[in-house]
Amino acid sequence: MNWFIKGIRMGVKTEDDYHHETKWPSRLTKVKGGEITCPTDAIGEEWNQERCIFCRACEPVFSPTGETLTPRIERTDVTFKRSFYLYPLDAGSCGGCNLELRLISSPQYDMTRFGIFFINTPKHADALLIMGNLGKRMEEVIRRAYDVMPSPKLVILLGTCAISGGVTGIPPDIRGDVIVPGCPPTPASILDALIRAKGGERE
């Protein structure tokens, strides 16, 4: 509770609407013609938000709209409506997703008001939240963490690396129940995804 009181004393308050204008990362739209070389093949017939690392190599052909990226929710469960416990697992990230994820527990975003909490063991977790490039050596770690989780349980893939392999281009051999695009995703898009995953509606 000290972090909350300290935040209030410093003038940092929980915001009713935690969405802010953010150019990068946000949904991209084509504004004019031209040749593009995309390092992750995120741009083909259409722009693929789940492969994009927002390197800006596509500018000025593509331009950010400021619209929050859309998470994909494949599965949820009514059990999570009251509370939703997350076990974050870094499988080899650059740290960007970690930083943005930790921000959702700050007074500004306050994930706890939505019944979302971090937990230090997968044994009591509702969701395994995976960040980074999933190398071969991490497969056993992820499998063991998933196996000890109680059912029902979800797997959340956070960021381009966990979803499609990022700059390595090697897609992970894991199925996500919740897909949160971005490199890294913004705190707002992460919260939107988690609220929807627990069966709630975005405020």
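Rings of Phe, Tyr and Trp (the six-membered ring in the case of Trp) are taken to pair if their centres lie within 6.5 Å, and such pairs count as stacked when the planes are under 30 degrees apart, as edge-to-face when they are over 60 degrees apart, and as tilted otherwise. The model described here is a predicted one, in which local features need a pLDDT of at least 70 and side-chain atom pairs count only at pLDDT 80 or more, while totals for chains, interfaces and linings use all residues. Residues are numbered from 1 along each chain as its sequence is written, and side-chain values use heavy atoms, with hydrogens and water left out.

By this criterion, the structure holds six aromatic pairs. In the pair formed by Tyr85 and Phe117, the ring centres are 5.1 Å apart and the planes stand at 25°, so this pair is stacked. The two residues belong to distant parts of the chain, 32 residues apart, with Tyr85 in strand E4 (residues 84-90) and Phe117 in strand E5 (residues 116-118); strands (E, at least two residues) and helices (H or I, at least four residues) are DSSP runs numbered from the N terminus. Relative accessible area, computed with a 1.4 Å probe on protein chains only, is called buried under 20%, exposed over 50% and partly exposed in between. Tyr85 is partly exposed at 29%, and Phe117 is likewise partly exposed, at 27%. Elsewhere, ring pairs link Tyr18, Tyr109 and Phe114 into a cluster.

Charged side chains also lie over aromatic rings, an arrangement that requires NZ of Lys or CZ of Arg to be within 6 Å of the ring centre and within 35 degrees of the ring normal. Arg102 is placed in this way over the face of Phe118, at 4.7 Å from the ring centre, and Lys153 over the face of Tyr146, at 4.1 Å from the ring centre.

The strands were examined next.

Strand E7 (residues 154-158) is mostly covered, since five of its five residues are buried. Leu154, Ile156 and Leu158 point one way from this strand, whereas Val155 and Leu157 point the other way. Strand E6 (residues 127-131) pairs with E7 in the parallel sense over five bridges, and Ala127 stands opposite Leu154 in E7. Between these two strands the chain passes through helix H3 (residues 136-148), and this β-α-β crossover is right-handed, a term used if, with the strands pointing away from the viewer, the path from the first strand over the helix to the second runs clockwise. E7 is also joined by three bridges to strand E8 (residues 178-180), which runs parallel to it, and Leu157 stands opposite Ile179 in E8.

The peptide bond from Trp24 to Pro25 is cis, with omega near -10°, and Pro25 is found in the loop between helix H1 (2-9) and strand E1 (28-30). A cis peptide bond also joins Glu59 and Pro60, with omega about 0°, and Pro60 is placed in the loop between E1 and strand E2 (62-64). Asp41, found in the loop between E1 and E2, has a positive phi near 55° and counts as exposed at 58% relative accessibility. Asp110, in the loop between helix H2 (96-103) and E5, has a positive phi near 50° but is buried, with a relative accessible area of 10%.

Conventions
Two strands pair if DSSP finds at least two bridges between them.
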